[in-house]
Amino acid sequence: MTFINDQVPDTGLNIKLQVNGQPVHAQVSVRQHLGDFLRESQGFKGTHIGCEHGVCGACTVRVDGRAVRSCLTLAVQADAAQVFTIEGLSDDPVVRALQNSFVRCHAMQCGFCTAGMLLTAAELLQAQLDPSRDEVREYLSGNYCRCTGYESIVNAVMDAAQTLRKARGE
Amino acid sequence: MHKHKHEGIGAAVPRVGAKRLVQGQARYCDDIELPRMVHVCFLRSPYAHARILSIDTKVASAMPGVVSVLTGADLRAHCEPFLGVLNHLPGMVSAPQWPLALETARWQGEPVVMIAAQTRALAEDALALVEVNWEPLEPVVDPEAALAQDATAIHPELEQANLAYEARVDRGDYAGEVARSALSLSLNISTTRVTAVTLEPRGVVADWDSGREELTVWMGTQVPHMMQSVLAKHLRLAENRVRVVGMETGGSFGLKIHTYPDEFAAVMLSRLLGRPVKFIADRLESFSSDVHARAHTARVEIAVSPDHQIRAFGVDGLLGIGAYSKHPRGSVNEVRHVVNLLGAPYQFAALHAHVRVAFQNKTPYGMYRGVGHPIVCLLTEMAVECAARKLKVDPVEFRFKNYRADSDYPAELLSGTKLEALSHEACLRQLVSLMDYPALRQAQAKALAEGRYQGIGFATFVENSNHGSATYGRGGAPIAANDGCTVRLQVDGTVLCTSGATDTGQGTETALTQIVAHTLDLPLSDVRMQLGDTAAAPVGGGNWGSRGTGVAGEAALQASLALKEEVLRCASVLWEVPQDRIGLQGKQLVDVLSGQVLGTLAQLCQAAYVRPDLFKSGPVPQLAVTRFYAQREYDGGIYTNGVQASLVEVDVRTGCVRLLKHWIVDDCGVVINPALADEQLRGAVVQGIGQALLEGCLYDNQGQLMNATMAEYLTPMAGEMPDICVGHVVTPTRSSELGAKGVAEAGITGAIAAVVNAVNDALFPLNGQVTDLPVTPDRILKAIGVIN
Amino acid sequence: MKAAPFKYVLAQSLEHCLELLSEHGDDARLLAGGQSLLPSLALRLSAPALLIDINRVSDISAPPQVSGGVVRLSALTRHADLITSPVVQAHLPLLHRAAPWIAHPGIRNRGTIGGSLALGDPASELPACAVAAGATFILQSKSGGLRRVPAPSFYQGMFRNACAVDEMIVAIEFARMDALQTGFKEVARRRGDYAMVGLAGQARRSGQRLTNVGLSFFSVGDCPVLASKICQAIEAAENESQAVAMALDVYQRDMQASADLWCSSQAKKYIGRSVLEDVIHDLYQ
């Protein structure tokens, strides 16, 4: 057995973007997806990789204001973009309300799906603050959770919606 | 006077550390990065059965960024193979399994070559450069075919060819009971292999310290001490040189309690390279290399007397467990559950059970939440509801008529299984009330009149917990039947604890924290429970078989009680008050007779550590206590029970099933945290719904897994799941002071049967019945005769 | 599941993009939303030498535009835009109805109509909508310039279409549907899954009769196909129940549905009956 070299080939392009409100300059391998870039190159481990083919939703982040699956976006495509992961969103009032509700309503067990759920639910509540339970279920229908069976997550989103409506005096 | 009761045993407090999860701060195995760490991937057999003629790794090894390329032959000299056999099960056999396949690959997905590189991407690139010469062999796929006389033996050295195990129980006059019965019916039931599909895939990070000759392995696992023993034995190391750190884990459900050859190979590589190695399975390889479970074919029979008494239950079954029996627990426990628990809720006179287990060229089989309990519940409860329908008796009435009475415990089943105390009657009474059963039947009739097909299905389930040593230890497996907890007071009076239990999402950390806090009357925030690190925690069994709360919890209780005793003794000496007058209340030591506060717990601890001279008599304060607990009253475990009901509507134009509602009443004894217990039940129910309607590993007749992606292996998602109503009956176990039984698996155990029974109830007016799972639209449309 | 290495170029303009396509042809893939391409790269099902990222090409990013009787959607129109755009809501109700059935919100934020139509996955919604509506695909290449291809003749087989190797979809034109009836039904066991059977339709209604009927099933065959004989049967009917009866007759006689991993062809065919009934009912509303 011989162990060969430790070179790292596969260097790529320079990108400039904002991650969690901070400017980032990085050189990325063009084939690296955004999820791996955020986790490995930027150290934001809060985004999780569950399937790498876009089905489970665990890797959801916010790019230019929209919820996207970071495993289905190349890092190079985030050039000039504003990217937020769960770590950068505690100041976002919608996300914060959801976080508090998730804790109150026991809406997570292992926590692996949680960031994706929060980012996706936040997008729903940003568009409408009074969803029905069915609408919540439908919006989250692409986010896999194996632990909770979803009911407590739905409860949490409804709870956060109510909190936010109250805060806006509705 | 209990100041912090609102957070103690019985309180529905949120998870300790929940904020961590919602802020993205939890640390899972893949989050670890160590200096000079390499990443591993595996070339896996594309064939279900093939001879490996040659492997050429030269080109792959030379690829820039590749650090090592190893085959089975390279690893062989450095480890002991695994044998997944429990030697207290007569006739159970398997063949030794090496981390990488040697001359023959025996399932599609079996790891054959290990590649390590600077990044996972580079390792996968190198994978394409490895040249393997295969000689495909005829795969043995179907379990029935595997047991035929002329079948190819997957392990030629085994005398009983492809028969891995056979279990038989015959009690009472079975043939006679069937002959005398007013109704005897049989059902041919089949289930499809399922797999846990944890959102976080399996993985390890291993780091061999060549200076100290010590190994550290980080992994998502339910059983760090077991892993420690396994690694030590098979790598020929002393256990005190092997540290396993159980990480925060993204779901396990039984998946992460086995010895996986690929993980083991990655650990070996760290030792060989002297640098950290990371292996994280991707989703594709997860599907073909994670354990699969619950693929049964069974003919179940029930015999009922003229006055509607169940007289006999019988089952003839077959199970295929893949190419190897999984180490170290073996792969035949599902069968033991079927044989032990067929008809368990009911009084009856004769039992026949015969189940055979076959090897086959498929992914090896292992434990998945509930193991065989969901299957035996399915077999029993499908037969019971089918019989009730045939007899035109209400299925609830039929059950009440035949349950073993709640007062009739402890009891021993015909199979020899000993049950401490079950509460079928109480659970069904509560369930019927919770769901307003008569109203649902009325609504069902109204729907039928409108041409809509609603169904109500029930399932009575029995689920094991708090296992004794009969399950594994007696069979030679390195799996502790006990658990230990160390509780230590800090100088400031806060508490630091360690336990060998693990938390893979169920909230074990919270439950144990509540137990300690309750016993010492402290706020939750004053107790910190650290789990899963073999370097810190006393040896324990970890979490499996719904034993975390019951066994680790009891150890935590006993340790806390002993520590409290010592605190009172020290207080007595320090403040010169008789011990029996002192109470520990809300962080203070109080003379309960006079009401005088003697001092704070913090003051006592300060004195104990920095002023031991103030303790004028007796030993120096011992403010750290370890206690172990094992459940030894019922070696086979403390069984729990409950009842579930499902309300569905079947769209007969499409065969699609809409889940309208689900109910579960569970008896898990003393409930430490009702919110967490209920969430365990809900999550498990939904997993059961998955196996009933959606999930299945689809194989072709060449042993190729055809649906190894999340788009094609269908798991329950939010859009289709019902709200689930939960109720409890509380029958504490007397085998521990805590009185808690397990709750983690109960949900899945009854859910499959409840949903299938509901569908069949819906199809009854159309003379339809489905007995093959998952219950797909195809199967429903066939059952009602609109397609063939 | 890391993609095999590839070269990447960000197309600066449509001209640049067409130049690259002309140079690299089949060795290149266009990267639009990437919601189908990236999974196939991760699974190493495809390994193109070059990815041409077209997401910053302004010529194909215009918002939905209505001009006279035509609605023009640029190739990079995201599925999410089909749901939120007032133009689509008002003038292309069929797409507005179909879009929420496409996968899930995160995927709809990135996936594009151009990408979906070019891929022509037989299980996807938009190709069937385009065929049912008789949309026109605007293709462009360096060698051939602009070309207009009607949707029904664009699809030729399983993942085979009329696009030349150096050609790409730049826009899609639909006749306004304001005065039309639309129908859409998708049967799937889980929200957002590929359908077991689906049907997109549009028609003009006058009294009890339907004319200019366009229907296209999805998830039953190799590619979206205009169900012309069924359309003719409906047009020949005098009222809704006759339309349903005649359509089902033709359907029963002619429909061949291909099985998938979980659904047999008989089951698909059977389920398709109620889907057809429901869509015809929609067209009569």
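This is a predicted model: local features need pLDDT of at least 70, side-chain atom pairs count only at pLDDT 80 or more; totals for chains, interfaces and linings use all residues.

Biologist: Why is the pair Asp30(B) and Arg39(A) called a salt bridge?

Modeller: The closest N and O atoms of Asp30(B) and Arg39(A) are 3.2 Å apart. The rule asks for a side-chain nitrogen of Lys or Arg within 4 Å of a carboxyl oxygen of Asp or Glu, so the pair qualifies. Between chain A and chain B the count is eight salt bridges.

Biologist: Which elements of chain A give two or more residues to the side that touches chain B?

Modeller: They are helix 1 (34-41), helix 2 (93-104), helix 3 (114-127), helix 4 (133-139) and helix 5 (151-167) of chain A. Helix 2 gives the most, with three residues.

Biologist: How is the size of the interface between chain A and chain B expressed?

Modeller: The buried area is about 4,800 Å², and carbon and sulfur atoms give 58% of it. The contact takes 53 residues from chain A and 68 residues from chain B.

Biologist: What makes the largest space a cavity, and what is its volume?

Modeller: A 1.4 Å probe fits there but cannot get out, so the space is called a cavity. The volume of this largest cavity is about 80 Å³, and the whole structure has seven cavities of 30 Å³ or more.

Biologist: How many residues of each class line the largest cavity?

Modeller: The lining has nine nonpolar, two polar and one charged residues. Among the lining residues are Met219(B), Phe264(B) and Glu263(B). Glu counts as charged, so Glu263(B) belongs to that class.

Conventions. Residues are numbered from 1 along each chain as its sequence is written. Chains are lettered from A and ligands numbered from 1 in the order in which they are written. Side-chain values use heavy atoms; hydrogens and water are left out. Contact means heavy atoms within 4.5 Å. Buried area is the accessible area (1.4 Å probe) that two parts lose on being put together, summed over both. Helices (H or I, at least four residues) and strands (E, at least two) are DSSP runs, numbered from the N terminus. On a 1 Å grid over the protein atoms alone, a cavity is a set of points where a 1.4 Å probe fits but cannot get out, and a pocket is an open set with protein on both sides within 12 Å along at least five of seven lines; lining residues have an atom within 4 Å of a point. Grid points are joined across faces, edges and corners, and a volume is the space filled by probe spheres set on the points.
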